[in-house]
Amino acid sequence: MNENVHIVFVLDGLNDSLTTRQIYFGLTLTSYLFTIFVNLILILTVCLYKTLHQPMYIFMGNLCFTGICGASSFYLKLLSDFLADAHVITYTGCFTQMFVSYTYIFCQFSTLTIMAYDRYLAICQPLRYWALMTGQKVALLLLLTWCLTLVETAVGLGLISRLPLCSRHIPRIFCTSWEVVKLSCSDTSANSLYGIMVMVLHSLQVTVILVSYVQLVRSAARSQEQRKRFAQTCLPHLVSLLVFAASLLFDALYSRYGGGSLPALQNALAAEFLVVPPIINPIIYGMNLKQIRTRISLWINFRPQSLHTDFLK
């Protein structure tokens, strides 16, 4: 690793003219600011209103926080590259970008799993919900989520850091572990094995989510009220999961089969998991959940008396 520290990677994903890159800069900056805005609105809404200090909204806030981190790891470097003549990134900068982005990926998966478990308890076992989902339990689940995420990321990057690199060119607009591993001129079987282990772990998480939803659908079919609760609180979670999984699938396909024509489209698809979920998540939760939607509307309508009264509840 000591020899690699002095490496400067060249990001070959940006080959457009300066005028085109300036246009992209404006669009990207708008997208980034909008992403930060909608996520912060939802996080602040959950933090400020005591009626929203419930497990589902706390997990939702964690989802939005990781979304801000993941989006920032991508947007900030890209914005500077749009205005720069040389599109390079240091070894340390590359690993920092990968650390934040993969922490975002793993934490999103774990948070979505916990939210599925929370919805299962709320709808399938409502009488036991508050006994099972206590404040201490919520804090423990969040702690385990972040600990597992950080360990996963640290081990993966540790395995990459030991590899001697024979090239400095990354055919992307940002750093990913797979692209860096492909630059190695030594045996990468340990990295492949660890990748398989991570895939198995998160496949188990997806299985937990699917099993939870089978039970949720069965419970929701029993009454109109249960169907209404399912539509209000579970469908946003399901949409978040599908968007996130589809975005990661695009990234995986690009890593293995990318290249050829339409590089701009391929770059957009490759970065989708860092762009789309952080925007979609707060929007679908803010629009579909009545408690969130009502409190955000208070901000928009700016009724100080109502806002103060609701905050004290």
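**Note on the cysteines and disulfides of the predicted model**

1. Cys-166 and Cys-185 form a disulfide, with 1.8 Å between their sulfur atoms; a disulfide here is a pair of cysteine sulfur atoms within 2.5 Å. The torsion about the S-S bond of Cys-166 and Cys-185 is about 90°, so this disulfide is right-handed. Cys-166 lies in the loop between helix H5 (135-161) and S3, and Cys-185 in the loop between H6 and helix H7 (189-220), so the pair ties together parts that are 19 residues apart in sequence. Helices (H or I, at least four residues) and strands (E, at least two) are DSSP runs, numbered from the N terminus.

2. The model is predicted: local features need pLDDT of at least 70, side-chain atom pairs count only at pLDDT 80 or more, and totals for chains, interfaces and linings use all residues. Residues are numbered from 1 along each chain as its sequence is written, and side-chain values use heavy atoms, with hydrogens and water left out.

3. As to accessibility, Cys-166 is partly exposed at a relative accessible area of 47%, while Cys-185 is exposed at 51%. The classes are buried (under 20% relative accessible area), exposed (over 50%) and partly exposed (in between), computed with a 1.4 Å probe on protein chains only.

4. A disulfide also joins Cys-94 to Cys-175, with an S to S distance of 2.2 Å. The link of Cys-94 and Cys-175 is left-handed, with -125° about the S-S bond. This pair connects distant parts of the chain, 81 residues apart: Cys-94 belongs to helix H3 (residues 91-124), and Cys-175 to the loop between strand S3 (169-170) and helix H6 (177-181).

5. Cys-94 counts as buried, at 0% relative accessibility. Cys-175 is likewise buried, its relative accessible area being 1%.

6. The count of disulfides under the distance rule is two. With the bonded cysteines of the chain numbered in sequence order, the pairing reads 1-3, 2-4.

7. Helix H3, which holds Cys-94, has 34 residues. From its first C-alpha to its last, H3 reaches 49 Å, close to the 50 Å expected at 1.5 Å a residue; the expected span is 1.5 Å times one less than the number of residues in the helix. H3 is mostly covered, as 26 of its 34 residues are buried.

8. Cys-64 is buried, with a relative accessible area of 1%, whereas Cys-147 counts as partly exposed at 39% relative accessibility.
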